[in-house]
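Biologist: Could you take me through this model? I would like to discuss its charged pairs and its core.

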Amino acid sequence: MATSQLIDAPHLKLLVEAGAVQYLTARGIPGGFVIVVRVGLNEKTVRGQKVKAPRVFTTLDGISNYCRAAGVRRFDVDLAGYSKESLL
């Protein structure tokens, strides 16, 4: 069974460099996307820099830039929960 945790950019980069990331998904949510990383049996959600909450990206371009900076060269997109309108 998978568990979900938050992860910051420096730790994501370390996991990518170590080859520990099995896959990365841009998961659609109301108002944008979150990045979900699979490491072993765990799913980790990328968090914001200054808050301990999932970082919400409004565009896939933003996710692409973030992933490149972390050394990620490929990610999947899950649009199932996406809507342009935010819950807030």
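Predicted model: local features only at pLDDT ≥ 70, side-chain atom pairs only at ≥ 80, totals over all residues.

Biologist: Noted. How many salt bridges does the structure hold?

Modeller: The structure holds 3 salt bridges. R27, R38 and E43 are linked in a network.

Biologist: Is E43 buried or exposed?

Modeller: E43 is buried, with a relative accessible area of 16%. R38 is buried as well, whereas R27 is partly exposed at 30%.

Biologist: And which residue does D8 meet in a salt bridge?

Modeller: The side chain of D8 meets that of R47, at 3.8 Å from N to O. This pair links distant parts of the chain, 39 residues apart: D8 is in the loop between β1 and α1, and R47 in the loop between β4 and α2.

Biologist: Turning to the strands, how do β3 and β4 run?

Modeller: Strands β3 and β4 run antiparallel and are joined by 4 bridges. V36 stands opposite T45 in β4. In their hairpin, G40 takes a positive phi near 65°. Of the 5 residues in β4, 4 are buried.

Biologist: What about the largest nonpolar core: how many residues has it?

Modeller: The largest nonpolar core has 16 residues. L12, L24, I35, V37, V46 and I63 have the most contacts inside that core. At least two residues each come from α1, β2, β3 and α2.

Biologist: Which residues is L12 in contact with, leaving aside neighbours within four places in sequence?

Modeller: L12 is then in contact with I7, V21, L24, V37, V46, Y66 and A70.

How values were computed:
Residues numbered from 1 in each chain as written. Heavy atoms only, no water. Buried < 20%, exposed > 50% of the residue type's maximum accessible area, 1.4 Å probe, protein only. Pairing = 2+ DSSP bridges. Core = buried A, V, L, I, M, F, W, Y, C linked by side-chain atoms within 4.5 Å. Contact = heavy atoms within 4.5 Å. Salt bridge = Lys/Arg side-chain N within 4 Å of Asp/Glu carboxyl O.
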